[in-house]
There are 2 protein chains.
Amino acid sequence: MGGLVWLNGQLRPRTEATVSIDDFGFLYGAACFETMRAFGGVVFRLDRHLARLLGGLDALGVQSPGPGALAAAVRATLEANELREARVRLTVSPGAGAGRPDLSSARTPTVLVVVEPAPPDPLPATLVVSSQRVDAGRPLARAKTANYLASIVALAEARAAGGEDALLLGANGDAVEAATANLFVVAAGELLTPPVAAGPLPGVTREALLECAAAMGIPSGERPISRAVLSAADEVFVTNSIVGLRPVASVMGWWTGTSVPGPVTGRLAQSYAELVRRECGLG
Amino acid sequence: MGGLVWLNGQLRPRTEATVSIDDFGFLYGAACFETMRAFGGVVFRLDRHLARLLGGLDALGVQSPGPGALAAAVRATLEANELREARVRLTVSPGAGAGRPDLSSARTPTVLVVVEPAPPDPLPATLVVSSQRVDAGRPLARAKTANYLASIVALAEARAAGGEDALLLGANGDAVEAATANLFVVAAGELLTPPVAAGPLPGVTREALLECAAAMGIPSGERPISRAVLSAADEVFVTNSIVGLRPVASVMGWWTGTSVPGPVTGRLAQSYAELVRRECGLG
């Protein structure tokens, strides 16, 4: 919780950093954010994260600083905190308005960068099937917005039920994503993940994993994952920028892994680690 | 934009009032709020607003101050600003956490009351049918949460198209609600509004209107409003706590009113005004 954060061009102690009560982020969850991972001081695929962020802000009509300025803010925050292995959250909101749901009243975006030491690699997860549904038609469905209540509630439910993460289904009952991660299954030698049209966040790690699979010659597809498909899976894992690949040990009531992590998961994790090292310029 | 706001037990100038960058409201739109109207210094049906707010906070596991303390905060803010005819927004979030989507890290709720002079009665509205859909399965569907992006985007679209408010449909294409108001139509002498199960916010004014209709002997029903039903309507209006009843002049592409406000809308508006005067103890 300590450290320095970047807020609108200035570095200041996290505990003293505040936003206006009239900020659109606070009043309406009208903000976009990215959670990213720095390896050796370099954020993996920062350009992809910034493209997604700026796509969402553009849809909101927010005059955000450009990718160069945002990248510089991220780097400055990492350097000020002397962090090389870090979790980075970049948030941009339209800023403070007139206290009404009228975006035209916001003039100066709020730009916030918070960095923390990266957490240790997590243990395999138990997923709890959530009562929350993914709404594929939500606003800015391809951006990561601060309208994040479904994930918050799903995580709280999952933890109350003894799991570490939640599995959210779509309106038709197919598995779509975890609360804060994308879902993958290995079935009959093929790697599957739900299509973006089903409503998962199009994750940066998800995209990188599909590239790894292609490079390794593992057949993969973006296809609906019904309960039947998941129940018959050989391996299940979830991905996000912070955990990379996290093996799943069980999906409560639906599936139990026999060998966790499974062999394909293990090979993909190694390939992803190599991709990260290469792109972040590490030895 | 001036005036004093109540923030966590203290009155302070609005322009100086801030919340932590780690507030769950700012990071995730994880907050509940109410927008209310004071008449002669008395908030109409404050108890109903507080019940809805506390229901949402309870579902989030937030240890909010109780209705007595929240009512006192509202009254203190109105008095400090010497406002009798006012728009009041009460927001309660879980407060600041550890910067992760884990509600258990929040300890002290944020309580904010903002008051402003009530706006003048609005002109009849033109509604624009929105590309945004109401998700009847959204988290805390019966509470008013700061996951409010669909309304923000719908309003921006509607204004860009030359309207004043948006009409949001459900997944099946039925009309559900306006961006910040409930929808009513008068058809064949009957007053209709979409059922809560279709996903509209269960509005305090909506409930009061149904009471007015019952007291006046106007038959009413909570029933789906398809495009066909709306297109054949004799009168259309929307309701919320700030505007009361706002007549609708047209729903672009779907419906145009012939006499606005229509006769039933006019009688209901008078009945609602009398109900307000009675309950708020005005002459």
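In which sense do S12(A) and strand S13 (residues 220–222) of chain A pair, and over how many bridges? I began my notes with this question, keeping in mind that I am reading a predicted model.

**Entry 1: the strands around S12(A)**

I looked up the pairing and found that S12(A) and S13(A) run in the parallel sense, with three bridges between them.

**Entry 2: how the two chains are related**

I next checked the superposition of chain A on chain B, which takes a rotation of 180° with 0.0 Å of shift along its axis and leaves an RMSD of 0.0 Å. The two copies are therefore related as by a two-fold rotation axis. I also recorded that both copies use the same surface, since 100% of the contact residues of chain A recur in chain B.

**Entry 3: the contact between chain A and chain B**

I looked up the extent of the contact and found that 50 residues from chain A and 50 residues from chain B take part. The area buried between the two chains is about 4,200 Å², and carbon and sulfur atoms give 64% of this area. Of the area that chain A buries against chain B, 19% is supplied by Ile21(A), Phe26(A) and Leu149(A), which is more than any other three residues supply.

For the polar side of the contact, I noted 21 residue pairs in polar contact across the interface, both residues being at pLDDT 80 or more. The count of salt bridges between chain A and chain B is six. I looked up one between the side chains of Asp102(B) and Arg159(A), with 3.7 Å from N to O.

Finally, I asked which elements give two or more residues to the side of chain A that touches chain B. They are strands S1 (4–7), S3 (18–20), S6 (86–93) and S7 (110–117), together with helices H1 (24–28) and H4 (149–160), of chain A. The largest share of that side, six residues, comes from H4(A).

Notes
Residues are numbered from 1 along each chain as its sequence is written. Chains are lettered from A and ligands numbered from 1 in the order in which they are written. This is a predicted model: local features need pLDDT of at least 70, side-chain atom pairs count only at pLDDT 80 or more; totals for chains, interfaces and linings use all residues. Side-chain values use heavy atoms; hydrogens and water are left out. Copies are superposed by least squares on the C-alpha atoms of residues with pLDDT of at least 70 in both. Contact means heavy atoms within 4.5 Å. Two strands pair if DSSP finds at least two bridges between them. Helices (H or I, at least four residues) and strands (E, at least two) are DSSP runs, numbered from the N terminus. Buried area is the accessible area (1.4 Å probe) that two parts lose on being put together, summed over both. A salt bridge is a side-chain nitrogen of Lys or Arg within 4 Å of a carboxyl oxygen of Asp or Glu. A polar contact is a pair of N or O atoms within 3.5 Å; within protein, one must be able to donate a hydrogen and the other to accept it, and residues adjacent in sequence count only if both atoms are side-chain atoms.
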